[in-house]
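Thank you all for coming. I would like to walk through one model this morning, going from single residues to the parts they join, so please keep the sequence and the structure in view as I talk.

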Amino acid sequence: MSDKKQQIIDAATQSFSLFGYKATTMDQVAKMANVGKGTIYTFFKSKEELLDHIVSSVISEIKHEADAAMDDRLPFSENVQRALQRIFTFRQEHELTIKLLQEMRDIGTAAVQDVMKRLDREMIAYIREKIEEAMAKGDIRSCDPELTAFFMFKMYIALSIEWEKDHEPLSQQTIAELFDLYLLKGLSP
């Protein structure tokens with residue numbers, strides 16, 4: 001990747017993280033990257049394409065983090081919880097995802113909604129792959145991996161984010177216990 005392209009990506013990531021997608025302009029990105037505005041368009045057709053490229057990198061980072069959280073010596077139930085915890089910790093601590101989630105909630109920018117839906121779809125696909133691997137090894141019984149991944153992902157969102165809107169936040173240990181109680185014991189072989 002060329003240095004100029006990386007400068008543009010870094011500047012856009014910084015601008016999106018600080019100001020959000022809607023408030024970021026290509027002029028602003030050009031100024032932050034110390035390049036001409038036309039240079040941006042040699043690499044990216046639009047602000048949407050630039051955001052999509054950046055989100056693709058974030059998705060790769062999240063998957064890497066989730067993979068790092070897993071340990072082949074542990075059972076599937078522990079590994080899936082560790083991966084989900086890492087995914088949500090990343091999302092809650094990464095400046096760009098924090099700002100994009102805030103913008104999606106507060107403004108509802110269509111491009112941001114699209115990339116955040118893509119991020120969720122990619123995370124569900126990642127979990128589905130892990131479920132398929134666990135079924136192939138006989139670690140869990142046969143199930144619909146897509147539906148199960150969706151359910152796991154949404155249940156984790158419900159327990160770690162939605163619950164605390166009206167209740168005291170749950171500890172990671174409590175979430176793990178509830179996850180195990182309501183979902184994983186039902187998948188045990």
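Let me start with alanine 149, which has its place in helix α8, and please bear in mind throughout that what we are looking at is a predicted model. Alanine 149 counts as buried, because its relative accessibility is 0%. Which residues is alanine 149 in contact with, once its neighbours within four places in sequence are left aside? They are Ile124, Ile127, Arg128 and Ile131. If you want a sense of scale, alanine 149 and serine 46 are separated by 103 residues in sequence, and their C-alpha atoms are 33 Å apart in space.

One of those contacts, Ile127, takes us to the core. The largest nonpolar core has 53 residues, and the members that touch the most others are Leu50, Leu84, Ile127 and Met152. At least two residues of this core come from each of α1 (3-19), α2 (26-33), α4 (47-69), α5 (76-93), α6 (95-106), α7 (110-137), α8 (145-162) and α9 (172-182), and it is α7 that gives the most, with 11 residues. As general background, nonpolar side chains in soluble globular proteins tend to be buried together. Leucine 84, when we set aside its neighbours within four places in sequence, is in contact with Ile127, Met152, Phe153, Tyr156 and Phe179.

Some of those names return when we turn to the aromatic rings, of which the structure holds 4 pairs. The rings of phenylalanine 16 and tyrosine 21 have centres 5.6 Å apart and planes at 40°, so this pair is tilted. Phenylalanine 16 is buried at 0% relative accessibility, and tyrosine 21 is buried too, with a relative accessible area of 4%. Another pair, tyrosine 156 with phenylalanine 179, is edge-to-face, at 6.0 Å centre to centre with 70° between the planes. Because tyrosine 156 lies in helix α8 and phenylalanine 179 in helix α9, this pair ties together parts that are 23 residues apart in sequence. Returning to tyrosine 21 for a moment, lysine 47 lies over the face of its ring, at 4.3 Å from the ring centre.

Helix α1 has 17 residues and reaches 24 Å from its first C-alpha to its last, close to the 24 Å expected at 1.5 Å a residue. Its buried residues are Ile8, Ile9, Ala11, Ala12, Ser15, Phe16 and Ser17, and what covers them includes α2, α3, α4 and α6. After α1 comes glycine 20, with a positive phi near 90°. Asparagine 34 also has a positive phi, of about 60°, although it is not a glycine; asparagine 34 lies in the loop between α2 and α3.

Is asparagine 34 buried or exposed? It is exposed, because its relative accessible area is 69%.

Finally, arginine 118 is found in helix α7. Arginine 118 counts as buried because its relative accessibility, 19%, falls under the 20% cut-off. Apart from residues up to four places away in sequence, arginine 118 touches Asp52, Val55, Ser56 and Ile59.

Terms used
Residues are numbered from 1 along each chain as its sequence is written. This is a predicted model: local features need pLDDT of at least 70, side-chain atom pairs count only at pLDDT 80 or more; totals for chains, interfaces and linings use all residues. Side-chain values use heavy atoms; hydrogens and water are left out. A nonpolar core is a set of buried Ala, Val, Leu, Ile, Met, Phe, Trp, Tyr and Cys residues joined through side-chain atoms within 4.5 Å. Buried means under 20% relative accessible area, exposed over 50%, partly exposed in between (1.4 Å probe, protein chains only). Helices (H or I, at least four residues) and strands (E, at least two) are DSSP runs, numbered from the N terminus. Contact means heavy atoms within 4.5 Å. The expected span of a helix is 1.5 Å times one less than its number of residues. Rings of Phe, Tyr and Trp (its six-membered ring) pair if their centres lie within 6.5 Å; planes under 30 degrees apart count as stacked, over 60 as edge-to-face and the rest as tilted. A charge sits over a ring if NZ of Lys or CZ of Arg is within 6 Å of the ring centre and within 35 degrees of the ring normal.
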